[in-house]
Amino acid sequence: MNTATQDTVPDNLELTRLARASATELSQLLRERPESDRAHIKLDGADLVLPRQALVLLRDLLTEMAQGNAVTILPTHAEVTTQEAANMLNVSRPHLVKLLEEGVIPFTRVGTHRRIRLQDLLAYKRQQEEASEVALQELADQAQDLGMGY
């Protein structure tokens, strides 16, 4: 039985505010101390030392929480299913399977199931985002050249 009261469990609005404030403060600290490669933190009387990469990850996590987004953390060597990969790319599973079969994204088979390394999927996603940015910039430049008022 859940015995927590409303006073002990913060609501979503309070969590969002707390995450936003924490992300802002952590971002500022990281900016002010770019040479620092670790942080000393005191938590319930225990002293912890965290690497800078963990702080950057924590800041990113807090930023997503502040925006109301759910976050999943996976190691980059993890493998995902075709449905998980399709969801991450925001495409249909059949379209993703087509990309896999064309060799655009590497994959392995486990029995009859395809598995995609998260690292390969994220590299493909980055390439697509970069290509989109280049195309968008070309369109913006073309609109400027044509005097379309953009």
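Visitor: In what order do the three strands of the open sheet stand, and is the pairing parallel or antiparallel?

Guide: This is a predicted model, in which local features need pLDDT of at least 70 and side-chain atom pairs count only at pLDDT 80 or more, while totals for chains, interfaces and linings use all residues. Residues are numbered from 1 along each chain as its sequence is written, and side-chain values use heavy atoms, with hydrogens and water left out.

The order of the three strands in the open sheet is β3-β5-β4, and the pairing is antiparallel. Strands here are DSSP runs of E with at least two residues, helices are DSSP runs of H or I with at least four residues, and both are numbered from the N terminus. Two strands pair if DSSP finds at least two bridges between them. In general, strands of a sheet pair through backbone hydrogen bonds, either parallel or antiparallel.

The edge strands are β3 (79–81) and β4 (108–110), each of which pairs on one side only. From one strand to the next, the twist averages 45°. Such angles run from 0 to 180 degrees between N-to-C directions, and axes are lines fitted to C-alpha atoms, for helices over the stretch in contact.

Now the two pairings, one after the other. β3 and β5 run antiparallel and are joined by three bridges. Val80 stands opposite Ile116 in β5. β4 and β5 form a hairpin with two residues between the strands, where Gly111 takes a positive phi near 65°.

Contact means heavy atoms within 4.5 Å.

In a regular strand the side chains alternate between the two faces of the sheet. In β5, Arg114 and Ile116 are on a covered face, while His113, Arg115 and Arg117 are on an uncovered one.

Leu118 is in helix α5. Leu118 counts as buried because its relative accessible area is 5%; buried means under 20%, exposed over 50%, and partly exposed in between, with a 1.4 Å probe and protein chains only. Leaving aside neighbours within four places in sequence, Leu118 is in contact with Leu74, Pro75, Thr76, Ala78, Glu79, Val80 and Met88. One of these contacts, Thr76, is 42 residues from Leu118 along the chain, yet their C-alpha atoms are separated by 5.5 Å.

Asn90 is in the loop between α3 (82–89) and α4. Phi of Asn90 is near 60°, a positive value in a residue other than glycine. Most residues other than glycine have a negative phi, and most peptide bonds are trans. With a relative accessible area of 71%, Asn90 is exposed.

A record also covers this part of the chain. UniProt, in an unreviewed entry, places the feature "domain: Helix-turn-helix" at residues 81–128. UniProt positions are given in the numbering used here, feature names are shortened, and annotations may be inferred rather than shown by experiment. In the model, the end C-alpha atoms of residues 81–128 lie 20 Å apart, and the span is 58% helix and 19% strand.

For comparison, there is another hairpin in the chain. Strand β1 (residues 38–43) and strand β2 (residues 46–51) pair in the antiparallel sense over six bridges. Ile41 has Leu48 in β2 as its bridge partner. β1 and β2 have two residues between them, and Asp44 in the turn has a positive phi of about 50°. Asp44 is exposed, with a relative accessible area of 81%.
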